Each structure stands twice: as structure tokens, then as C-alpha cells.
Amino acid sequence: MASNKVGDLAGPGISTYPEVDKILPSDYRASLGPKETQHAITALKRYIEDGLCRELNLFRVEVPLIVDKESGVNDYLDRDGSRTPIDFPVGLGLDKRINGQVVQAATKWKRMALRQFECKVGEGIITDMRAVRKDYFLDHDHSAYVDQWDWEKVIGAEMRDLDYLKGTVRAIWKVIKGAEQYIQKEFPKLKEMRYPDMPEELTFLHAEEILDMYPDLPRKQRETQILQKHPAVFIIGIGWVLKDGYPHEMRAADYDDWATPTVTRNGQLMHGLNGDILVWNPVTKRRHELTSMGIRVTKDTLRQQLELTKQLDFLKLPYHKAILADQIPLSIGGGIGQSRTVMQLLRKAHLGEVSVTVWPRQLKTICEKKNIRVLE
């Protein structure tokens, strides 16, 4: 069982195409055709972005696709080094060319940008972030192309608690749930008895609580089980090592605060000011992650987490130095998957129905057999 838990930490994806073949529905029929789908995507993205700006007090800013490797602002997604950015030289004619990287997410850049755009406490930014993650296994809900509403907001020290985190999560859920109701009015064919709507309210659970419920199961199986009871959950505390000796998931050490002690239940101390929204996808009948988010590290928790993950050498990088020197504000932020969310709301079986990227031939063959039209 321990080996299963270790393997489950390695990252997303199903890992074999025979398994993808098994999990994709064999009786699938899309509610909307390709043209209707494109109109619905446009409407949903406008609704959600406007809603997030309104509910979280954000304004839209431009975001980089390429960053300087030496800046330290690229997102490494986890802490084991298994998913690396695309590196390439930039600047023809320079004596020393810039070491460019394609972003994997704008997680750290956004916090730096709060200072650049002179945001005050309670004010934040949202981006239409596009990224490349070349080290994913390409299945029905993971692709090499990533699009997110990456957002970040300035907070005060007194706001760094679970109540503020939960309030922010509820505001995001209000927008997503509102988008579901809105798009079904615009496209009534999406209202189908075979696909139940998402619940009005999220269920909040700490990763330790879910482990207590299913102590012998790996993380993804625990999430699958809990979503049978609660089809929309926010899992708190992703990154801290749980009492079975494993974190719920390998979360990077230099943005979300997963080390701060937050609550004691039944005599057990639980850690973390971050988490993920997961929902049950009635089309694929699988767990479906919509967003990761959290209150960000302070200079103290940054050092603590880097020490725990044996990555103290990161403290030499400009982003990390800025946190240590209190040069960038305290913040909360996250990334909401655009195609992931649209896939859920439009009752789609595959990301390729709502975004255009590269897919392996064997996956396309599986989709063709199952009446899933992947965009090319």
C-alpha cells in the first residue's frame, strides 16, 4: 500500500492508454455541437472572468508567456523536480543571451505583479494565463497546453486564517455555480437528467480528515470516495506531511502556505492555508479538479517550507529574496482551470472538445471510437 501512495504523489494523469480507454464513457453524446460549443465557451469565459473580478475585487492585467530563468518566478508545480519548464535562449545578437523559460503557471509572477500594479489590501489582479506543461501524461483532462484564470490579491497579516480562505473559496464557488445556471439558460440542451447539477454549497474538509476516513487508500482514490458523498469539496492542507507519512499531494514549497498550524480536531493538529476545489464529473464519472489556491507564504513559512523540502538554495533567487525582504505584499491567490471548468459546465468528456492542442494518435483513436470529437 505504501508504494501505491508514493506513486500517487508523482503528479496527474492516468498513466496508460488502456486505462484511458476503460474510463472514457462508451455511450457518450455531446450536448452541444462544435459550433455551439465555441459560442458557449465564449459566453462562459466572459461570465466567469467578470464574476471573479466583481466578487474578489480584481482587475485584469497582462501576463507573461516567457520569463527569465534566473528570476525564480516560474512555477515548478511540485517539489520533486519531475515536471520541468521548457528552456531556450532569447535575444539574437546579445553577448550573453537571456535564459528564457515558458511559464508553467504565473503563480509567483502574480505576487510580484501586485507591487508593480500598486495594489492595496483587498485589491487584486486576474490574468488570462497560457502555459505549457510538457511533462504531463496526456489523458482526458490533462494536456500540455494549460489555460487558467490566474489571480492574486493583497491581504493583511490579520487575514491569514482559515475563515478568510474559506470566504474567498465560497466567493469563487458562487461564480462557478452561477456560471452553470447561466449557461444552461443560454443553452437549454445542457440541462439533462443524466447529468446532475453541481451542489449549491461546497463541503470543506481537511486532508487529514479524508485520510482518517480512508486510511489505506492513495490520495486520488480517497478523493474519488469522498466525492461520492459530497460532489463538490474544498480539500484544505495540501503539502504538509499527514499522519500516514505522506503529503496529500506534492505541493511546491515557495508559494502556498501549507505549513502553518490552523486547527486542532479531536486532539490532532492540522496544517495548511491552502487547498483545491474538486467536483464529481458526471460525464466521465471521475474526480475533476477545478482550482488550486491558497494564502501565500510569509518570509518565515517560506524558509520553513524550503527547509522541509531541502530547497534552501532557492533563497538566492530574486523572487525569494523579495519575500524575505518584505518587498512584495502578503497575498492570497490561485489558478482556476479555464478548459477544465468549461469542460465540466458544458458536459464534455474530454479537454480536447474545448481546447486545441496536441494529442497522441492512440488517444485520438480511443476518442473516435467513443464518439468524442477532439478539436485539431
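**Group meeting: a look at the fold**

Hi everyone. Of the 376 residues of this protein, 57% count as buried, where buried means under 20% relative accessible area with a 1.4 Å probe and protein chains only. A quick word on the source: this is a predicted model, where local features need pLDDT of at least 70, side-chain atom pairs count only at pLDDT 80 or more, and totals for chains, interfaces and linings use all residues. Residues are numbered from 1 along each chain as its sequence is written, and side-chain values use heavy atoms, with hydrogens and water left out.

Now the architecture. The protein has eleven helices and 13 strands, taken as DSSP runs (H or I, at least four residues, for helices; E, at least two, for strands) and numbered from the N terminus. Its radius of gyration is 20 Å, close to the 21 Å from the globule rule for 376 residues, so the protein is as compact as a globular protein of that length. That radius is taken over C-alpha atoms, and the rule is 2.2 Å times the number of residues to the power 0.38.

On to contacts, meaning heavy atoms within 4.5 Å. Among those between residues at least 6 apart in sequence, 74% join residues at least 24 apart.

Finally, the cysteines. Cys-119 counts as buried because its relative accessibility is 12%. Cys-367 is buried too, with a relative accessible area of 1%.

Definitions and conventions. Buried < 20%, exposed > 50% of the residue type's maximum accessible area, 1.4 Å probe, protein only.
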